[in-house]
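The paragraphs below examine how they are paired and where they are placed.

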Amino acid sequence: MTALVMNACTAHYTVNNKITTIKSVERYSLRYNAVADKSDELLLILTFSGGGTRAAALSYGVLQALADTRIALGGEQRRLLDEVDVISSVSGGSFTSAYYGLFGDRIFEDFETKFLKRNVEGELALKFISPSSWSKLMSSYYARSDLAADYFDEILYEGKVFGDFQVPWLPLIAINATDIALGTQFTFLGDQFAPICADLSSYPVSRAVTASAAVPGPFSSIVLKNYAGTCDYQLPEWAAGAIRERLVNTRRYQDANTLASYIDVERFAYIHLFDGGISDNLGVRFILNYTAQADNIWQQLKALDLQNTRKLAIIVVNARNRMAIDFAKERQSAPIIDTIGLISSIPLDRYSFDTLDLLRRNIKSWEKSMTDGRCKNFKTATDQKKTDSDTPDRNCAAKTYLIEVSLDRTPAESERRKLLSLPTSFSLEPEDVDLLKAAARELLSASDEFQRLVSDLQ
């Protein structure tokens, strides 16, 4: 008993390190992710949704399909997968994105056996109840999510930290969680770690992935220490301006206010992170938040040194399922278990629908903004005398593509019902994993927007 108490006193979650200058975290951003090997004309972004192993498998299938898709850029044949610039992920999708960001094509060799076709949920449950874990879990500073992070580190991430993401030919990985105190998205990138003067390069990837998937209840919060005020961080001009203008009903003001909240270290001494799906189950808000920082997307692309972008493509991988509602056929009151599940899923599904609808409406205006900005830059002094109604030069016109890979778009009804009924858990039958991988390939291939992108890249 004495040994248990002593171990409980010493067990502690991994504390993030402090920085004195934000230069050490600046490279973890879109601005510093330009790769000479990739075309600077195509900005390709993937978003991986939440949904446990179901989401991880669907995302994995999309990576496989992109690896098999050949395009022509710069006069040479390439894999479309090699042109991915950013992957923004949530919950189950973060397991796939983080593994690919660390190990590249190795994901196609061992990710299925290490994670997708493994009873992760059962193994974690055994760890939670194992006597060997009791001493740690008795500590006030080591809880279920800390144990889960250590487990994920053991089976998947091999002690890797964010500094290991800096592989030149692999995409920027944006792992999203939710700051439960502020109710806002928290992204493991330099822009989020700079306000709290925290080092990202030494932070374990397994803890970020766990935070992204930490459903309240089964999991505890992942905790970050706030060191605000100990480094040279200043609010960026867009945020300072938004706070001065105080247009409280704008997204820019709300995002700026969230950023400024972290400077109040007395009130937010520690940041408690839970499942990213609480604030955005699609990983799409990361993109919308970035574009809201400027008046239009062209301004933001220039600020990020991405003004050569002619094609902006976003592939949204949505692994949402559909809960059983058999009780709707019955006369008696709905079962309590079904009711509890639907109470949590209905707001999430509605919010995801609105988020995706907002992206659909924005992407066409982004195409115009990019075209106007590029064509204005390319005009000669004579061209500048032309009216705004002139048709832009085809060489400067931009194109956008929104490609949706969603299980509810599965053509065959029987297969669609099967896929939508798969549980949100970290354990699936191997044949269900194979079914999800095949569905990803089929859905991508059937997308008119995807075929348009591939055709435009030939």
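Cys 197 and Cys 231 are both buried. In this predicted model, the two residues form a disulfide, with their sulfur atoms 2.1 Å apart. The link of Cys 197 and Cys 231 is left-handed, with -75° about the S-S bond. Cys 197 is found in the loop between α9 (190–193) and α10 (205–213), and Cys 231 is found in the loop between β7 (222–225) and α11 (237–245), so the bond ties together parts of the chain that are 34 residues apart in sequence.

A further disulfide joins Cys 375 to Cys 396, with an S to S distance of 2.1 Å. This pair links distant parts of the chain, 21 residues apart: Cys 375 belongs to helix α15 (residues 336–378), while Cys 396 is located in the loop between α15 and β10 (399–406). The link of Cys 375 and Cys 396 is right-handed, with 100° about the S-S bond.

Taken together, the structure holds 2 disulfides. When the bonded cysteines are counted along the protein chain, the disulfides follow the pattern 1-2, 3-4.

Notes:
Residues are numbered from 1 along each chain as its sequence is written. This is a predicted model: local features need pLDDT of at least 70, side-chain atom pairs count only at pLDDT 80 or more; totals for chains, interfaces and linings use all residues. Side-chain values use heavy atoms; hydrogens and water are left out. A disulfide is a pair of cysteine sulfur atoms within 2.5 Å. Helices (H or I, at least four residues) and strands (E, at least two) are DSSP runs, numbered from the N terminus. Buried means under 20% relative accessible area, exposed over 50%, partly exposed in between (1.4 Å probe, protein chains only).
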